[in-house]
Amino acid sequence: MGYAQLELCTWQTVEQVTVTLLLAIIVGVLLGLISYKVKPLEKPILILTNIIQTTPAFAVLVLSVPFLGVGFKPAILAMLIVCIMPIFRNTFVGLKNIKTGIIETSVGMGMTGWQCIYKVEFPLAIPVIMAGIKTSAVICVGISVLASYIGAGGLGYFIRYGLSLNDVKVLLMGAVPSSLLAIMLDVLLGRAERALRVRFFGT
Amino acid sequence: MRSVCKEFVKGIRTLDDICLHVARHEFVVLIGTSGCGKTTTMKMINKLVQPTSGEILIDGTNISQINAIELRRNIGYVIQEIGLLPHMTVAQNIALVPELKGWPVRKREERVEELLSLIGLDPALYKKKKPSQLSGGQKQRVGVARALAADPEIILMDEPFGALDPITRIQLQDELVRLIRRVKKTIVFVTHDMEEAVKFADKIVIMDAGRIVQAGSIQEIFKNPKNDFVRNFFRMHDVYNKLRAMKVEDAAVPVLFDGPRPQHGIDAGEPLSRALGVMLERGINCLFVRGTSEENLQVTFESIYRITGQ
């Protein structure tokens, strides 16, 4: 349980979080966009995500083992399922909350469907989407710690080890960096969110 | 724009057999109670609503033959909510349609400056502002400028001044009247405010329950209201409304040889209320009517009373 291993595990966690978050952004935003644009899909997607969101993250992780096995990739997939939710929800809500007058004039002035999405709807929803990404990032770090239980490695390994050995030093070697990572992400993404809000809305 | 006729079915007929002809450079006001179909009628012109049956022609071309995107880029559009894009600057908002139409940057910038000056906002000051930094009146001005940006022949306006306070509204209405005289556009304007209609309209179209009740100039309608709905809608029993709707020439009578000679004059096209105002203000009881084909016409208290009395 040396520092070399701590470094390795930290990178593992960072890798897990980065990969999961990127995938979650892509899938979450797409899902949000689809359920916003395709009215018949709105309800089914919302119900599905509600079910997943109410399931505890650890349960998702454990439940995924029979289907996905153990290791890095299954862990990523299980984390993804949990992390998509805030991004998807915020994308959907952010798009849904755009004032109808804005969309109406955009269409009325002759924007095509795509122009409306990338010139109007998306920029207006971005601060809200960013808030979702922030929430998701923090959750993601939390689950990545748990993911070590299904053999994904990372800082959770130290925490698990520390707990079972009753070794506070080892426990903290896992807990402190992962907490720092979560706090860092929260602050950074929070800044990004505010910056976008200022840029797009001037407030 | 030529010969518009459409019919709209949606389970029940929201609009029933609407036939309307709008001449070039005419200012048409669609007026009626909420839910009478005036906005729907307007939205069919830029294909935001598809007619169930019937056809709409612009310059003789059926708009179903025209690509909706293309059509909308050539029609100005202003609504009550204004719909300025909050993430774009005033300049970007105004230049939106020119940008969609692929104008070069230089031309777009020139157009933005030109329009900002036209609506009385200093380009240097306002170009880079965000809509959230503007007052309600300024926002609506920018909304109008945006509709004018690509110099469309036709402009659609849906209660553009509905959300403004009375003072700003009147100010903007007056500005719009001046602006419209200068730019010469065909305008379809939706409102439920009869004062607005009287102020702007070359032609007023009164709608009720998806049908056109009466269409014509304000004078025609006041002289000849079709039914009680029209009479009530325009509060025609209200003498002041009548005075505003009628023109000086409507009350003009020949000057009598042995009668008093008018000392002051007024243009024939002025509203009658103006004539009455001038007479009361100056304490006189007759005015010369200027600008008619006939010589020696005047308006008197009596002639005004005769035409406005029930």
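Select chain A to begin with, and you will find 8 helices and 0 strands in this chain, where helices (H or I, at least four residues) and strands (E, at least two) are DSSP runs, numbered from the N terminus. Followed along the sequence, chain A has the pattern α-α-α-α-α-α-α-α, and its C-alpha atoms fill a box of roughly 65 × 40 × 20 Å, taken along the principal axes. The model is predicted, and local features need pLDDT of at least 70, side-chain atom pairs count only at pLDDT 80 or more, while totals for chains, interfaces and linings use all residues. Residues are numbered from 1 along each chain as its sequence is written, chains are lettered from A and ligands numbered from 1 in the order in which they are written, and side-chain values use heavy atoms, with hydrogens and water left out.

Next, select residues 3-37 of chain A, which are helix 1, together with helix 2 of chain A; the two pack at an angle of about 130°, with their axes 5 Å apart. Axes here are lines fitted to C-alpha atoms, for helices over the stretch in contact, and angles run from 0 to 180 degrees between N-to-C directions. Helix 1 and helix 2 of chain A are therefore oblique to each other, given that angles under 35 degrees count as roughly parallel, over 145 as roughly antiparallel, 65 to 115 as roughly perpendicular and the rest as oblique. Show the side chains, and you can see L31(A), I34(A), S35(A), Y36(A) and K37(A) of helix 1 of chain A meeting K39(A), L41(A), E42(A) and I45(A) of helix 2 of chain A, where contact means heavy atoms within 4.5 Å.

Now move to chain B and select helix 7 (residues 136-148) and helix 8 (residues 166-183), whose axes come within 11 Å and cross at roughly 20°. That makes helix 7 of chain B roughly parallel to helix 8 of chain B, and helix 7 of chain B passes helix 8 of chain B in a right-handed crossing. Residues to look for include V144(B) and L148(B) in helix 7 of chain B, and L172(B) and L176(B) in helix 8 of chain B.

Finally, show both chains: 24 residues of chain B are in contact with 20 residues of chain A. Chain B and chain A bury about 1900 Å² between them, 64% of it on carbon and sulfur atoms, buried area being the accessible area (1.4 Å probe) that two parts lose on being put together, summed over both. In chain B, select Y77(B), H87(B) and L100(B), which lose the most area to chain A, together 28% of what that side buries.

Between chain B and chain A there are 2 salt bridges, a salt bridge being a side-chain nitrogen of Lys or Arg within 4 Å of a carboxyl oxygen of Asp or Glu. E99(B) forms a salt bridge with K119(A), with the closest N and O atoms 2.7 Å apart. K43(B) and E104(A) also meet in a salt bridge, at 3.7 Å from N to O, and this pair crosses from helix 1 (residues 38-45) of chain B to helix 5 (residues 100-108) of chain A.

Key: Left-handed = near helix turned anticlockwise from the far one by under 90°.
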